[in-house]
Amino acid sequence: MAISRAVAGQLDFQQVLQRVAGEIRALISYDHMDISVIFADTRDCCVAYEVGVTTGWGEEKEPKPIEKSPIRQLLRGEVDYILTGDAWQDDRFHFEGAFDAPIYEARLHSRLHVPFRVHGTIHGALNISNHEKNRYSDQDVATAREIADLLAPYVYAVIRSEEAKKLALSEGAARGREEALRLGALRLTEGMENERKRLGMDLHDQTLADLARVSRQLAHLRRQPTLRSSDLAELDHEVATCITELRRIIEDTKPGILELFGFSQAVEAQLERSVVSVHPPIRTTVIDNTASLLDSGPEPLRQTLFRIVQEAINNAIKHGRARRIRVSIDTCATDLSICVEDNGMGPAGEWDRSSGGVDNMRVRARLISAKIDFVRSAIDGVTRVAISLPLSQLTDSRDDVQDETSEVSEVIDEAAVHADPRKDLAAQ
Ligand SMILES: Nc1ncnc2c1ncn2[C@@H]1O[C@H](COP(=O)(O)OP(=O)(O)OP(=O)(O)O)[C@@H](O)[C@H]1O
Ligand SMILES: [Mg+2]
């Protein structure tokens with residue numbers, strides 16, 4: 001009755017054993033007691049749980065092969081019980097590969113083993129040992145059998161609950177892996193989507209503009225009565241540059257001059273390249289009044305500003321029929337400003353009648369918390385794209401800026417509704 005009360009509600013072998021240890025000792029004295037448990041998923045292995053002296057049997061909770069157990073005959077159901085007066089001398093416990101060292105280490109001489117049987121299947125064994133020789137009798141075997149029969153249903157219940165726990169854990173782990181995979185795939189998709197948008201914008205701002213220039217040149221050549229080889233060489237050069245730039249975009253390299261020589265040099269180079277084949281010629285100026293302040297700022301910021309200026313230049317050449325383009329970089333107490341001006345005829349309609357470029361510029365500006373304005377002044381006849389960036393953006397750590405740019409993928413998503421570069425490319 002005491003044993004029953006002690007184990008009721010226990011769902012852990014060690015606890016079951018601790019609770020009944022005293023009650024069993026009142027019935028059979030022992031120096032070492034353990035239970036061997038066979039789980040359904042590893043029927044050829046068993047795990048030992050000990051009370052009192054701990055030995056190599058109970059220290060490791062990894063299942064050990066029944067074949068190596070000194071009581072393998074009992075666990076395999078070949079015998080009903082094992083009783084010995086001196087386990088040190090009993091050959092049943094000692095064979096090639098037997099895990100019998102604890103018998104010597106814990107000085108276990110008398111030993112008594114009975115199985116836990118439920119529905120005719122052995123689920124483990126109750127093992128009782130004593131330092132003295134010949135301590136146990138047939139009467140003790142009968143008592144041990146009664147104790148084991150009493151404990152067997154509890155042992156069986158605990159085995160099932162342990163198995164359910166293991167199953168729940170492995171299902172949880174599988175669900176966790178599934179969730180991790182799902183999240184990974186989602187992030188990959190998001191990353192690819194952002195990369196696609198970035199590529200779309202780069203293709204628009206660079207390659208599309210290059211091809212448009214080639215197309216204008218071709219149209220110009222078509223109108224000529226005769227073709228000079230120098231005209232074709234110029235065209236050839238344009239196409240080669242276009243291929244190089246396209247390759248650069250594909251390889252995701254940064255604008256080389258921007259990286260090597262800094263912002264205003266890169267803008268200057270861009271201007272020169274863009275107007276080289278324009279007829280009639282366009283005069284260009286770049287004025288940096290900030291002592292290259294931008295070059296000390298974070299690189300993603302510089303690249304974004306460069307792309308904005310690049311499109312402003314492309315637009316000035318394409319739409320305004322400008323004769324002069326001027327890019328200036330200035331600072332005031334709080335902001336850095338970049339102004340792209342042209343003396344062309346200004347937009348025929350609305351700026352927002354955009355097929356991509358102006359929207360891309362706005363998106364890029366939002367990426368770096370910059371303000372962008374498009375102004376046509378009737379007073380001086382100048383078309384202006386004015387970008388203004390808080391100076392704090394330049395001193396922010398690189399990580400901060402990158403954090404912000406990742407936050408901005410949401411802004412891109414939102415803006416992409418209005419300025420999908422694919423639509424833009426398709427329209428062209
Ligand atoms: N510097 C400028 N001078 C005159 N009009 C301009 C200038 N910049 C932009 N625009 C006007 O704003 C409109 C929108 O420009 P946006 O760059 O979005 O498109 P796009 O240049 O026509 O096409 P894409 O950018 O795809 O080559 C242009 O169609 C044009 O009418
Ligand atoms: Mg444009």
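In which loop does Ser 292 lie? I found Ser 292 in the loop between S7 and H10.

**Ground rules.** I am working with a predicted model, in which local features need pLDDT of at least 70, side-chain atom pairs count only at pLDDT 80 or more, and totals for chains, interfaces and linings use all residues. Residues are numbered from 1 along each chain as its sequence is written, chains are lettered from A and ligands numbered from 1 in the order in which they are written, and side-chain values use heavy atoms, with hydrogens and water left out.

**Whole chain.** I noted 14 helices and 11 strands; helices (H or I, at least four residues) and strands (E, at least two) are DSSP runs, numbered from the N terminus. Of the 428 residues, 45% count as buried, meaning under 20% relative accessible area, with exposed over 50% and partly exposed in between (1.4 Å probe, protein chains only). The chain exposes about 22,200 Å², and carbon and sulfur atoms supply 53% of that area; the method is Shrake-Rupley with a 1.4 Å probe, and for residues only the protein chains shown count as cover. I also looked up contacts (heavy atoms within 4.5 Å). Among those between residues at least 6 apart in sequence, 64% join residues at least 24 apart.

**Magnesium ion.** The protein donors of ligand 2, a magnesium ion, are Glu 311 (OE) and Asn 315 (OD1), lying 2.1 Å from it. Donors are N, O and S atoms within 2.8 Å of the metal (3.2 Å for Na, K and Ca); water is not among the atoms, so sites may look incomplete. Glu 311 and Asn 315 are four residues apart in helix H10 (residues 299-319), so about one helical turn separates them. Glu 311 is buried at 5% relative accessibility, and Asn 315 is buried at 17%.

H10 has 21 residues and reaches 30 Å from its first C-alpha to its last, close to the 30 Å expected at 1.5 Å a residue; the expected span is 1.5 Å times one less than the number of residues. Because 17 of its 21 residues are buried, H10 is largely enclosed by the rest of the structure. Arg 321 follows H10 and has a positive phi, near 50°.

In H9 (residues 263-275), the buried residues include Phe 263, Val 267 and Leu 271.

**Nonpolar core.** I took a nonpolar core as a set of buried Ala, Val, Leu, Ile, Met, Phe, Trp, Tyr and Cys residues joined through side-chain atoms within 4.5 Å. Of the 38 residues in the largest one, Phe 263, Val 267, Val 309, Val 327 and Ile 338 touch the most other members. H10 gives the most to this core, with nine residues. Leaving out residues up to four places away in sequence, Val 327 touches Val 267, Val 309 and Ile 338, among others.

**Backbone checks.** Omega is about -10° at the cis peptide bond joining His 279 and Pro 280. Pro 280 is in the loop between H9 and strand S7 (283-288). Ser 292 is not a glycine, yet its phi is positive, about 55°; Ser 292 counts as partly exposed at 35% relative accessibility. Ser 369, also not a glycine, has a positive phi of about 55° and sits in the loop between H11 and S10.
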